[in-house]
Amino acid sequence: GVFDALSEKLQATLSDVRGHGTLTEDDIKKAMREIRLALLEADVNFKVVKEFTTTVRERCMGADVMGQLNPGQQVVKIVNEELAALMGGASAGISFSPRPPTVILMAGLQGSGKTTATAKLARHLKEEHNSSVAVAACDVYRPAAVDQLVKVGGQVGATVYEQGTDANPVDIARWALDRAKQDGKDVLIVDTAGRLHVDATLMDELVQIRAAVKPHTILLVVDAMTGQDAVNVAEQFAEAVNFDGVVMSKLDGDARGGAALSVKAVTGKPILFASTGEKLDQFERFHPDRMSQRILGMGDVMSLIEKAEAQFDEDQAKDLERKLRRNEFTLEDFLGQLKQIRKMGPLTSLLGMIPGFAGQQLKGLKVDERELDRIEAIILSMTPEERRRPELIKGSRRLRIAKGSGTNVQAVNNLVKQFGQMRKVMKQLGKGKMPDMAQLMKQ
Ligand code: GDP
């Protein structure tokens, strides 16, 4: 994704800071220089970078992190909080009208991913809010846009209101709103025309459509791949139509993530949704706090630990956390946790919190609960020493374990191998790195 390079650099800097027992003012200055450079290289607006590093430095000095027991951790915490604040703080959602239909106006340049985002948002609202959704095809200038919306809108189960490409977009919008009311829709999403550049005609038409349908929310779709250009475009849109939030599209791309990091600070409008691929389900609420944690390689391990804490008592949770971080986790612990974890809910939802486990990879992953029974049986057939160092178990013992557990040698081999992989991931997590899941999936 667009944050990869930034993520790597920030993590290197912060792991360096964390490595110090104590921190001097010079250490902090050096870290701030590196952070500043990493942000500039990620194409973050230079004013935003300056403000960011100033705030972080002042907080680090103010919190007197240098005198503290774990100064590195404090710095990481501050950077994490400020990065989240930079992207908008706590995540905001769409506000619904008390009198449906809630009207959402989609704006953006041609090619920004507006039509795709319209269908994705329709899908999201259907899935997450159980809403009945209609979409209106008002992009009559790009001929393919209407057909495209009919197609993708249909795919996500939204009703598509269209009048081809000959009608006037303002009239279509007004007509679509009437129909949405008649049809008792909860939400109407209006796809508007894009242009290659911001111009007066485009803005004028948007203003007219806005007057015709009085949207509750105006979303601007911004292409993350276009960098600071995207931020300039957003600024111009903000002046002309005062939108409410941003849909940041193409976050899966390999461009630099500067736009996503600057747009809130420059326009004052938060990113509400992230679009992360061409498929219609690659779309999610944007959570600045989680994104920041992900950039810093903290992943959602935090949520995972929270969840564990809710399930285990505090000592157990601390113990688990310590073992994960120090890579002292054995098959013995695994067995104990497996039993607890199975009480916590479906395993796929837990795996989703581990950084690097992209939603896509997870979809194909089915957890067979009977498989877990077999795993338990295998571990129970091992000696304590074998549970600590499973990689050292010899062939003859593997056969005995297989027999004892009513499985076969291949199952034992698989468990040993998978546990080895898991340890590798945990070791990387402990070092604050994102595990290379692609590599792991290959095995
Ligand atoms: P519009 O002109 O703004 O309506 O743009 P479209 O919705 O047609 O999108 C333009 C192109 O970008 C299409 O090829 C989409 O498939 C692609 N696209 C849209 N959103 C994303 C995204 O989040 N990631 C990727 N990789 N491609 C996207």
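These legends describe close-up views of a predicted model of one protein.

**Figure 1. The whole chain.** The model is predicted, so local features need pLDDT of at least 70 and side-chain atom pairs count only at pLDDT 80 or more, while totals for chains, interfaces and linings use all residues. Residues are numbered from 1 along each chain as its sequence is written. The protein has 21 helices and eight strands. Helices (H or I, at least four residues) and strands (E, at least two) are DSSP runs, numbered from the N terminus. Of the 443 residues, 40% count as buried. Buried means that 20 or more other C-beta atoms lie within 10 Å of a residue's own; exposed means 12 or fewer, and partly exposed lies in between, with C-beta atoms placed from the backbone. Two residues are in contact if their C-beta atoms, placed from the backbone, lie within 7 Å. Take the contacts between residues at least 6 apart in sequence: 75% of them join residues at least 24 apart.

**Figure 2. The shell around the ligand.** The shell has 18 residues, and G113, K114, T115, T116 and S275 come nearest. Helix α5 (residues 114-129) gives the most to this shell, with three residues. By class, the shell holds one nonpolar, 13 polar and four charged residues. Here Ala, Val, Leu, Ile, Met, Phe, Trp, Tyr, Cys and Pro count as nonpolar, Asp, Glu, Lys and Arg as charged, and the others, Gly among them, as polar.

Figure 3. In soluble globular proteins, nonpolar side chains tend to be buried together. A nonpolar core is a set of buried Ala, Val, Leu, Ile, Met, Phe, Trp, Tyr and Cys residues joined through C-beta atoms within 7 Å. The largest one has 97 residues; A136, L188 and V222 are among those with the most contacts inside it. This core draws at least three residues from each of domain 1 (4-86) and domain 2 (102-293). Those domain bounds come from an automatic or database domain assignment. A second, separate core of ten residues includes L331, I375, I401 and V412.

**Figure 4. L188 and its neighbours.** L188 is found in strand β4 (residues 187-191). L188 counts as buried because 29 other C-beta atoms lie within 10 Å. Not counting residues up to four places away in sequence, L188 touches P101, V103, A134, A136, A176, L177 and A180. L188 and L105 are 83 residues apart in sequence, yet 8.5 Å apart in space, C-alpha to C-alpha.

Figure 5. A cis peptide bond joins P100 and P101, with omega about 0°. P101 is found in the loop between α4 (71-86) and β1 (102-108). N130 is a residue other than glycine with a positive phi, near 60°. N130 has its place in the loop between α5 and β2 (133-137). Is N130 buried or exposed? N130 counts as exposed because it has 8 C-beta neighbours inside 10 Å. K250 also has a positive phi, near 60°. K250 sits in the loop between β6 (245-249) and α10 (258-267). K250 is buried, with 26 other C-beta atoms within 10 Å.

**Figure 6. Helix α11.** Helix α11 (residues 288-295) is mostly covered, with six of its eight residues buried. The buried residues include R290, M291 and I295. After α11 comes G297, whose phi is positive, near 75°.

Notes: Near = placed C-beta within 6 Å.
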